[in-house]
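Here is a short briefing on a structure, grouped by topic. Start with the overall picture, then work through the points below.

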Amino acid sequence: MKFNKLMAAVAIATLSTTALTANAAANYADFPITVKDYAGDKTSSISYGGQIARHVLHTSLMSLSKTGNGEANPELLAKMQAYFSGKDTGRAIISPASKEGFGIAQTQVDELSKGKNLAGKTYQGAVAGWPGNKTAVEVLEFLIEKAASSDAGFDYINGMDYPQLISKFAMGAIFYNQAVDNYLDEKLAADVKPNNKPYKDGAAYTGKEHVWDEAFGYFGAPTNAASIDATDAYSIAKGKKEIFAKADLNGNGKIELDTEMLFAHAYYAAGADKSGKSNYLNSITQAFIDGRQIITDAKGEKLNDEQRKDLLEKANFIKTNWELVIAEAAFKYAGSVYSDALKLQAGIEANSDVKADFKNYIHHWGELKGFSMALQTGGKDLGGFAVKLNRLIGFSPVLLGNTQVTGIDDKGNYIQSSSLSLNEFALHMLKVQKALSDQYPLKARAKDQTAKLATMAEKLGSGNSTEND
Amino acid sequence: MQDFFTQYWSDLSSLFSNSQQRLYWGYLLCASIIAAIYSLHKSTSNFKNSLSTALGFPHWFSKSARADYLLILINKAIYLIFNPLLLGKLTVATLIFEGMHQLLGQRNIETNIPSWAIISLFTLFIFIFDDFARFYTHKIMHELPILWEFHKTHHSATNLTPLTVLRTHPVEGLLFAIRSAIVQGVSIGFFVFLFDDKVDLYTVLNVNIILFIFNIAGSNLRHSHISIHYYLCIEKVIISPAQHHIHHSTATRHFNKNYGAVLAIWDWLFKTLHHSEPQTQIQYGISKYQKDSEQGLTTLYLSAFANSYKIIRVTLARWLQRFLTKQNQRCK
């Protein structure tokens, strides 16, 4: 039933996208000012610098979380906290940073927007997937504290890769949550941030224009992402110099972080689309462009019922597909953890050195865990599916002594208990993939561990099953 | 409703256009050519007469053959409704795959066995497993009185044409679909667990290469009036069309013989093998005294239920009587 509803939403939105494309802009750029009696000197109503500032706070925080030396490090902790909850000026953009053949225009967070932090925009609800009944802010603070004293981001005793946990969960709890549960949700209500008034006094954009821009900013796509090739987009996010000429849209010899770079889920959309089986990046960006065109076409007046209906359809399409992007990533990493667990067990049985295999295993589990918790921050009740996901994935991967983290004590130390075998945990990963594919109409299905079963079932056909001899 | 009819028509037409079906036009053509050559070889008359004998037009318009056609048309609609409710092969494959994980406690998918060997093994395994499952299901259909009531629909054919292969009571058809799901699901789950991405099938026109050879070698002649027989030593390994005709014979000595689909070795092992009898004129059907009225749809569809009900009632009554007798003996 859920699958049918999702497919219907996708189909309706796709049809309306096609219908509106004729009038829509090609890029998410250069939308004119429609605010009545605007007296400033700006020529474009586009503004989402604050969101890009938060993207670089996130990427910089992730970079910092990889620099621990395995001991308590108050200096590193303070620096990480400055990027998470601080608002001070003078914070450098640690990542993405310029490298040979791939120059970045901005070096300071303030160049994008001043006084921004991540903590203030983090999901307010409790996080069922993490021990300790914590809110999302508390979970991230806990992970940051642990990362500061970790061994280059890793805790091999408890199976944690903090940069992955922090990054993947933060992307959901901040960017995804803000976009789908705030800007594309309650802030699209008729009387909230109306289109016939500037967002704030003197602003070059209306209430609805800025609300929509902010949601687009959180998606993290460059302005040309409606038509960009997925592999090219992926290379841009990786900072590959071969793609620089294509990425430098304004030809100024540097990558502008607010218009020419991919961040967060836009990057994972491109990752899924590289398979050629999905088209999340182009289609989500196109829906953003089409929605923005609907608002622009209202020419600074309140949206009428038809315009609001069309806009909500675009919002619904974006929300549905954004959720699918996260689900695709979780599906992929469940497949990776499955292979890793089997490889690890084979290595243990062969008495070989499994350090590298173990590192890969907890790295991929960290990604899976982060994405699975992110899925639960979209403001909708996922019910039994979320419970199943959290139980199967656990609070840590199964460790080498067949134990797993089952809680946190009052001093913030992990509690481990005896658990499953690696093989049984691998089987859990298959169940995670099954649960995700039952819940969502996934297309890319990277690292699908049971795909071969379906392929062979299809290949054998059922031609001779009713023949009578 | 429109979707139903579209699917129905698609399923029906695929009987002749899909190479995975026994009635694929290419296999029918091969069977016709073999039949024509065989008739020409056997006959003393001219080519035209031999061809006419091979095609056997009177058989196609017999009352028995007309019943085949109606059964096929009606059954297609029944399968369309009920097949989606049955156990699917992907479900079975997933259960086996997960079951092996739990049972073996480990899975090492890195193997040095070359791909061609794994594909050959899978192609052979699924053919043999499927053929054995067909043999054994067939045997049970004959030997269990309740199931025989349903299988009788197939054996009530008094004229055999290639379409008789689908003359099946729908209950039997659904049992066959479950059998096929189990065989294919188990094979897929087992092999994918062991060899992962290396598993594949050697095919020709999307059909297991072994089955393809069986089909182009005249599989459709098993249900036909052309009694081609093989050398005795071959008939111990592969069932000839003439051996299958023995299976459809009304002669008592032929009852419950030659259950095999492709291989005869199962019959040989289970002592149900019967070689062809080239000199014997075989009459097809359930008994020599079968009436034409038994080709009616009411008999073909409903008598199995009525007779099964009688069997169940008699069996239960017998069990109850035995139970009461034992109780009385204890009381004494």
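**Briefing: contacts, surface and backbone**

A search of the whole structure finds 20 salt bridges over all chains; a salt bridge here is a side-chain nitrogen of Lys or Arg within 4 Å of a carboxyl oxygen of Asp or Glu. This is a predicted model, in which local features need pLDDT of at least 70 and side-chain atom pairs count only at pLDDT 80 or more, while totals for chains, interfaces and linings use all residues. Residues are numbered from 1 along each chain as its sequence is written, chains are lettered from A and ligands numbered from 1 in the order in which they are written, and side-chain values use heavy atoms, with hydrogens and water left out.

**Interface of chains A and B**

- Chain A puts 28 residues in contact with 50 residues of chain B (contact: heavy atoms within 4.5 Å).
- About 3400 Å² is buried between chain A and chain B, and carbon and sulfur atoms give 53% of that area. Buried area is the accessible area (1.4 Å probe) that two parts lose on being put together, summed over both.
- On the chain A side, L453(A), N468(A) and D469(A) lose the most area to chain B, together 23% of what that side buries.
- Two salt bridges are counted between chain A and chain B. R22(B) and E467(A) meet through their side chains in a salt bridge (3.3 Å, N to O).
- Three elements of chain A give two or more residues to the side that touches chain B: α11 (305-349), α14 (422-439) and α15 (451-460). Helices are DSSP runs (H or I, at least four residues), numbered from the N terminus.
- The largest share of that side, seven residues, comes from α15(A).

**A salt bridge within chain A**

- The side chains of D191(A) and K302(A) form a salt bridge (3.3 Å, N to O).
- This pair links distant parts of the chain, 111 residues apart: D191(A) in the loop between α5 (162-183) and α6 (207-219), K302(A) in the loop between α10 (280-297) and α11 of chain A.

**Backbone of chain A**

- Most residues other than glycine have a negative phi, and most peptide bonds are trans.
- K193(A) is not a glycine, yet has a positive phi of about 45 degrees. K193(A) sits in the loop between α5 and α6 of chain A.
- S95(A) and P96(A) are joined by a cis peptide bond, with omega about 0 degrees. P96(A) lies in the loop between α3 (74-84) and α4 (136-148) of chain A.
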